[in-house]
Amino acid sequence: MTEYAWDHLIQEGRVHRSLYTDEGVFALEMTRVFGHVWTYLGHETEIPNPNDFKLTKLGLRPVILTRDAKGELHALFNRCMHRGVTICAEHAGNAKRFVCPYHGWAYGNTGKLIGVPHSEGYGEAFEMGAFDLKRVPRVASYRGFVFGTLSETMPSIEDHLGGARAALDAFIDRAPVGQLIVRAGAYRGAFNGNWKLVWDNAADGYHVQFAHKSLVDMTNKRYAQGRGADYMASPDNSPIYAEVFERGHTFLHHRPGMGPSLWERARPTPGGEAYAAQLADRRGDAEARAALEGAPGFGMNLNIFPNLLIIANQIQVVEPLAVNRTQLTWYATHLAGAEPEVNVLRMRIAEDFPNFGEVDDMEMFERCQEGLAVPEAEWVDCSRGLYAANGADDAARKVRPTDEATMRNYFRAYKMLMQSGGAYACS
Amino acid sequence: MPARDTVLAPPSASTYVNDALYARVMEELRWAAEAPPANAAATLRRTIEGFLHYEARLLDQGQFEAWANLFAPECIYWAPANPAADVRNNVAIFFDDRRRLDDRVTRLLSSYAHNQAPRPRLRHLISNIEIWPIENGARVLSSQIVHQHRSGRHSVVYVSGVGHTLRKTDEGWRIELKRITLVNFDEALEPPTLL
Ligand code: FES
Ligand SMILES: [Fe+2]
């Protein structure tokens, strides 16, 4: 495989278009990033019971995430060790074993090969143990979020989350009993563009008033001031800010600009008044008002490299499909222990942004991909805010919301991974 | 002064989307599994077909406000992401009440809705219509194919089973519920303009 001149392709303040368009780069990413880095595979509450499973992916690799009879998690490649058939086609379910439909090899949900029909045909020396399913060697759960890595040297998941961990904790701790339930279905979208276009955008406080103008205008036209993200009209003059963390994670913190109540700030929701009234009847006004704060988005874009984005009140997973094709899956979440009315409202709030906001983001991503086809315009610029840094830019953890330090930050992690063949040079 | 049906009413409180409504909406999926009565009156059938064709034409001609005003004041416009699941506790592709439906139309008609430029050309094809008469109205099942084309951008085809709950009012027929179950509800979608 060709090696690339990463120092040339990834510079401070600009990156080369080929990172978005070159199939060879994409192929390397599918191991050096989606492989070696802790990659989000799913949530424990999707497979709560012994022998539950769900299909997922590690980059392009089809994976079955299982919970065995003892409750342990396994990430098994969905690939028969005989001739390669995907042994499981159901999206999710409960199964002690997976039987390959082609010639009937049977595997336990720990990956162990437990049956080969007419095995005498393989002779006496045949070793079943050599044909157990291949697996993602390291799987770890952080408060229900399950990650996997092919790397033996990646630090622990806690270390990988690093500075982003506090914000993830805060998102989880909105639940009265400190646990999210991810069993409420998903909204799925796809676009013709590279997966990193999502990352360029994920903590971008610069684009909102332009790319999302249709949503901003609708909100201003139909609703009183103070709904939606009106502070984004001039984000650098608002109290909101972005943070960058080691290993590529970024965080755009809207809450300082959102006023005292997230519920009052959220765009009106189907059933909003009905369920607020029902809750007040049951619990009284004060408790109802406090509980409703758990329904809307949490005022954060928390981006955990490479594929886990916490946005609004949900979990967005970035799934690369090809150098120019990406799927975005938005898993809705319930708060364990929350009032039922709050969890109902969370569903309707979850539908808001994919329908009203992400549609325009995805349009921008596709048009980036189209524009990046021009070989003569080589560079994608991400220098905004760099002038003020005097080279110290990225020591600063808190930056202005329109500052492209967030983009430079993930590219710094990305470059380490691509250069080292899949390891972080940092601690 | 534009004609009444091209103006959206101002947003009103969402007081009717409650447990009782969710129960009714889920009921819709149950009757859709049953056989319709042998012969709904021919005149009713013609009326309903005419209404569905008119609704489709408003969408195909881009008359989104007039289309939205075919819905009742307490309406639901719904595309399940999992038709087997209770939408009260599961996310949908969309589950709009009156207010959010009008939000949606307002955004689509904005000159800054980037995914609407160039404007998608839509064409709805409707067939396999079955009718269950109800008091002052009808429940209707149909199969629909929506072709969405954006010049120089893409063509997408959405194939779905659609359920309508329609009610006759003094102002004409109104849609209380429109449910669109895409055959690929569990796959990644190009976001539809309006189904
Ligand atoms: S490919 Fe699976 S048993 Fe042959
Ligand atoms: Fe955006």
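Guide: Let's begin with K196(A), which sits in helix α6 of chain A, residues 196-202. (Helices are DSSP runs of H or I with at least four residues, strands are runs of E with at least two, and both are numbered from the N terminus.) Before going on: this is a predicted model, where local features need pLDDT of at least 70 and side-chain atom pairs count only at pLDDT 80 or more, while totals for chains, interfaces and linings use all residues. Residues are numbered from 1 along each chain as its sequence is written, chains are lettered from A and ligands numbered from 1 in the order in which they are written, and side-chain values use heavy atoms, with hydrogens and water left out.

Back to that lysine. K196(A) comes out at 0% relative accessibility, so it counts as buried; buried means under 20% relative accessible area, exposed means over 50%, and partly exposed is in between, using a 1.4 Å probe and protein chains only. Setting aside residues up to four places away in sequence, K196(A) touches L19(A), Y20(A), E29(A), Y410(A), F411(A) and Y414(A). Touching, or contact, is heavy atoms within 4.5 Å.

Take V344(A): it is 69 residues from Y275(A) in sequence, yet 8.4 Å away in space, C-alpha to C-alpha.

That brings us to where the two chains meet. There, 41 residues of chain B are in contact with 48 residues of chain A. The size of an interface is often given as the accessible area lost when the parts come together. Here chains B and A bury about 3800 Å², with 49% of that on carbon and sulfur atoms; the figure is the accessible area (1.4 Å probe) that two parts lose on being put together, summed over both.

The interface also has eight salt bridges, a salt bridge being a side-chain nitrogen of Lys or Arg within 4 Å of a carboxyl oxygen of Asp or Glu. R150(B) pairs with E363(A), for example, at 2.9 Å from N to O. Those two belong to a salt-bridge network that also takes in E366(A), R367(A), E370(A) and R153(B).

Over all chains, the salt-bridge count is 34. One of them joins E3(A) to R32(A), with the closest N and O atoms 3.1 Å apart. E3(A) lies in the segment before α1 (6-9) of chain A and R32(A) in helix α3 (residues 23-32), so this pair ties together parts that are 29 residues apart in sequence. E3(A) is partly exposed at 49%, whereas R32(A) is buried at 14%.

In chain B, R179(B) and E28(B) form a salt bridge whose closest N and O atoms are 2.8 Å apart. The pair spans 151 residues, from strand β6 (residues 172-182) for R179(B) to helix α1 (residues 19-31) for E28(B). Both ends are buried: R179(B) at 7% and E28(B) at 1%. Over in chain A, R348(A) meets E351(A) at 2.7 Å, N to O, with R348(A) buried at 0% and E351(A) at 2%.

C88(A) is buried at 7%, and C75(B) is buried at 1%.
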